[in-house]
Amino acid sequence: MSLSSSPDPLFCIVSNVNLPARLWKDGNGDATSGITTVDGVDCMEATVLLDIRCDLGEGIMYDDDKDQLLWTDINDQKFYALSLPEKNDLDMASSSETIPGKLIQVALPKMLCSFAMRSKGKEGFLCAFEDGFQLCRLLPSSFSKNPMSSLSLFDPSPGVTTKLTIEDWMLSGPSVGEAVNPARRPTRLNDGRCDPTGKRFICGGYFGEDPNMFMKVFKCEATTIAKDKSEIVLLSHSPIYDNIQVTNSICFHGKDIMYMANSPKQTIYRFPYNCETGTLDRSAEQIFHKTPQGVPDGSCTDAEGYVWNAVWRSGAGPSFVHRLHPETGQVVFRVLIPPAHGTSQVTCCCFGGPNFDILFISSAAEQRDLQKEPFAGSVYAVKVPFQGKPEVRFAY
């Protein structure tokens, strides 16, 4: 199903939210305070940034151009953008106070499984929907260039719903290539990320809990055609890996190493990656890290090349995020979810903030008892004594 053929409605709504000031203030937000040691590993505890019930919050990412936190709720078919606090509000607040932010929620016609920001100056996102890849706008700020759009009537006032048309969204046709999800739901695309060049988006799938189902990992690329003083982007995709059940943890160390998990096997693998061709050397595949306490979900890398992996535990106790040595896979640091919260399904993580030293963590409420896990589905955050780096953007 292409986006243009979707019968489902779309809408956009804005809400005011309160965020904990201590994440950005120097006092209680000091990255070296609150470190404890558990089983020989230094640990810090995250706090709830946004109390929200995402059924399957995923793909969290920081837009350093707009100071926004972005993520998708795959199951509920929603896209979120959280505008982080402005400097004036931070200057006036104490670390014990809350400060205002703005949350944009966009209802989508189908599941958005992962996405990539485009190069600065280019509107929209590369979207990995449940059944394929397409360039789409997603956020109202990028509709201003289209005076005929229904979003020329977009009202940014909190609580006001703006209805939209499919034509408002599309920036390209669907990617051309083999069917990425021939079995349809419950299988779908899943975790994805741009490679270090930004020339291609690497994305795998989810097997729908069918042990006999195996998916592929694809690279999505683009070519451009000049037409009438504008540029048309043509997307295409092709497989680079097969026979994998659930792809997660796609991230890169430098330009020639790629990490990727097959989550049901509780294992993250390490591959040589060819940036010129966008291919993996499967003959040199190595086991990088095994996760006996849970399932490896989404990952990112920091400025030193270390891998930060969100561990999904599905009710087996509070989740955590591991910092893994890029060569050995050894756990060298851990971010914990507060035990009282019980949140057992963290899904992905990213670095953001002015200094890229705040780790943001998405989570999922699906199939959880909210009496036992009252903050399941929330977004967590913690200021850490490490720095991340800007997310690579899709170059087209």
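Q: So what does R334 lie over?
A: R334 lies over the face of F320, 5.6 Å from the ring centre. A charge sits over a ring if NZ of Lys or CZ of Arg is within 6 Å of the ring centre and within 35 degrees of the ring normal. Bear in mind that this is a predicted model: local features need pLDDT of at least 70, side-chain atom pairs count only at pLDDT 80 or more, and totals for chains, interfaces and linings use all residues. Residues are numbered from 1 along each chain as its sequence is written, and side-chain values use heavy atoms, leaving out hydrogens and water.

Q: Which ring does the charged end of R282 sit over?
A: That of Y241, at 3.7 Å from its centre.

Q: Switching to ring pairs: how many aromatic pairs are there?
A: 15. Rings of Phe, Tyr and Trp (its six-membered ring) pair if their centres lie within 6.5 Å; planes under 30 degrees apart are stacked, over 60 edge-to-face, the rest tilted.

Q: How do Y62 and F356 pair up?
A: Edge-to-face, 5.7 Å centre to centre with 85° between the planes. Y62 is in strand β5 and F356 in the loop between β26 and β27, 294 residues apart. Strands (E, at least two residues) are DSSP runs, numbered from the N terminus.

Q: Are those two buried or exposed?
A: Both Y62 and F356 are buried, meaning under 20% relative accessible area, with exposed over 50% and partly exposed in between (1.4 Å probe, protein chains only).

Q: And why does W308 count as buried?
A: Because its relative accessibility is 0%. W308 is also in a cluster with F333, F351 and F386, linked by ring pairs.

Definitions and conventions
Helix = DSSP H or I, 4+ residues; strand = E, 2+ residues; numbered from the N terminus.
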